[in-house]
Structure formats: C-alpha cells, structure tokens
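Please examine the sequence and the model shown here. The paragraphs that follow lead from one residue to its surroundings and then to other parts of the chain.

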Amino acid sequence: MMNESEILSEYFKQSTTHNFFDQISCESNNFDSMNNEASRRSCAWIPSEQTRNLLIQVATKLNSPSHHTEEIRLTKPKIFLQQSALEDTLAKYVKEEDQVPLLSMKHVTLDDRGLRELIQAESYLAAIELTEKMLSVYSNSNKHTLHSVQLWFTRIALLVKANFLVEAYEESKPWGNFDTPDLYLQYYPTLYGGRIGTMVPFAFRLLVAELPQFIKSSDLQDSSMLALDRLFSLLGVIKKILTHLGSNLSEDGSMIELSEQVSIFTS
C-alpha cells in the first residue's frame, strides 16, 4: 500500500509527455481549439437529476442564470490560506543562505504563462500567490468559466504540493461534489454557444475526493470513509458513462451519433 507522500506524488509526477500542470491553459487556447468530438468527451459528465432539471430550465429559458440565483444552490469558492501565512513561509526559504534563489511573481508575467514558469521552476509558493492574484479577476462575478475552474484546480493542487493540506481541504469544501448547475457549460448558453458538459476536469474531482484522508481534524471524524464515499460516487458515475457508451449513447445517456473511435473503444 502506498503511503501518503507516494499517493500525493501521483498528481505531480514528472513526465516526458504531459504532466499534471500541463493542463493550465486559457479556454481560448484549449477548449475552442478542440474539434467537437474531443470537446464533448473532455467535458462529459452526468449531473444529478435535480441539477439536470435546473439545466433544462435554463436551456428552455424558464429560469435565466441572471435571475433568481438565490433560489439555486451555486458554487462560491473562496481563498482560505491567509496571505500572511504564505509570506511567512516564503520568508523562511529566502533567509536560508544555501537556498537556491526561487522565481517570484516579479520575475514572470502575471498570467497563465507566468504561472507555468513558476511551476516548472518548482516555485510553488510563488505560484500559489499568483493564483490568488489571478483569481481576484473573478471575485466580483457570479459566473464560472473553464479558465476560472482550471485556476482553482491548479491552486488547490499547488496547496497540496506545498503541504498546505488543511488549507487545500478548506478551499475544496465549497466545491462539494461539483454538482451545482453553474459548473456546467449549458448554464451559460450565451458564453459557450449551446455546448453541454461539465467545466470540472476529472483530475480535480479525484483530487478533492481523496483530500479528506490526509486531514487530521476534530471537525472531520472519519476522513477515510468520507474519501471512500467520494471515490465510490465517482466510480458509480464512471460505470454509468461506460454503460451508456456501450449502448451507443452519449456519456450522459442522450441519443447522439458517436464517433467510430469511441465505438471501438467501448466495444
């Protein structure tokens, strides 16, 4: 059985192909560049019945996302790690004479490219600091985008990498099981042109599902069971998706014409 560090390292393995943080990308350079089949598969997920009904209401304009949002449970993430705690940790490394100088935000552009550079240089604390600055752009908005969700995913993964496990867990809490309607593309028909599917990368779901088992807290009595419950919930959805694909349906069970590649994969 793998220990804690071995399990967490699975998220951060170095690879000659794609590693964990290669996914950081603006939606304009990622999602829109995919063909229809690739984008559909990357966003495929099955919402709960309640969320599905809310999304149908949005699609049929019975309930616009710009109205009555107080009646719909939405995902409202927030920064938990205090800036002072991060600065104290950064200062500790700077004071060490034998410490190799690390990149900081002042050395990079304050965007996705700069974030990649900090991660590649293993300047994880500075990268965490930059994610907070980048997420501040979305702080006054009630909308999520593919980019903002990816940024949150990257931030929480970086918190885990930097061993801020409690902070990572606290910042993951508002996301719950990622089943609120505002985490689906069809909640924003104008922004995403009628596309359907989830904004949440599967690796984000997996990371948040596993996080509780690493937390020792009086508020979390049975963290291992919580992690198992979340993982089995993910497995249940995956099995449904495979069943649908095996029946020549789309991942969510709707009737569409699947590509030959998908049909071969599921046969």
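S172 touches I156, V208 and L211, where residues up to four places away in sequence are not counted and contact means heavy atoms within 4.5 Å. The model is a predicted one, in which local features need pLDDT of at least 70, side-chain atom pairs count only at pLDDT 80 or more, and totals for chains, interfaces and linings use all residues. Residues are numbered from 1 along each chain as its sequence is written, and side-chain values use heavy atoms, with hydrogens and water left out.

S172 belongs to helix 8, which covers residues 165-172; helices are DSSP runs of H or I with at least four residues, numbered from the N terminus. Because its relative accessibility is 2%, S172 counts as buried (under 20% relative accessible area, with a 1.4 Å probe and protein chains only). A polar atom of the S172 side chain lies 2.7 Å from the backbone oxygen of Y169.

V208, one of the residues that S172 touches, is also among the residues of helix 10 that meet helix 11. Helix 10 (residues 202-210) and helix 11 (residues 223-246) have axes that come within 7 Å and cross at roughly 150°; these axes are lines fitted to C-alpha atoms over the stretch in contact, and angles run from 0 to 180 degrees between N-to-C directions. Helix 10 is therefore roughly antiparallel to helix 11, a term for angles over 145 degrees. On the helix 10 side the contact involves F202, R205, L206, V208, A209 and E210, and on the helix 11 side A227, R230, L231, L234 and I238. The residues of this contact comprise eight nonpolar, no polar and three charged. Here Ala, Val, Leu, Ile, Met, Phe, Trp, Tyr, Cys and Pro count as nonpolar, Asp, Glu, Lys and Arg as charged, and the others, Gly among them, as polar.

Most residues other than glycine have a negative phi. F178, however, has a positive phi of about 60° although it is not a glycine. F178 is found in the loop between helix 8 and helix 9 (189-192), and its relative accessibility of 3% makes it buried. N248, in the loop between helix 11 and helix 12 (260-266), likewise has a positive phi, near 60°.

A further loop, between helix 3 (49-59) and helix 4 (83-95), holds P77. P77 touches H144, W152, P174 and W175, not counting residues up to four places away in sequence. The C-alpha atoms of P77 and V149 are separated by 9.9 Å, and these two residues are 72 residues apart along the chain.

Conventions. Helices (H or I, at least four residues) and strands (E, at least two) are DSSP runs, numbered from the N terminus. Buried means under 20% relative accessible area, exposed over 50%, partly exposed in between (1.4 Å probe, protein chains only). A polar contact is a pair of N or O atoms within 3.5 Å; within protein, one must be able to donate a hydrogen and the other to accept it, and residues adjacent in sequence count only if both atoms are side-chain atoms. Angles under 35 degrees count as roughly parallel, over 145 as roughly antiparallel, 65 to 115 as roughly perpendicular and the rest as oblique.
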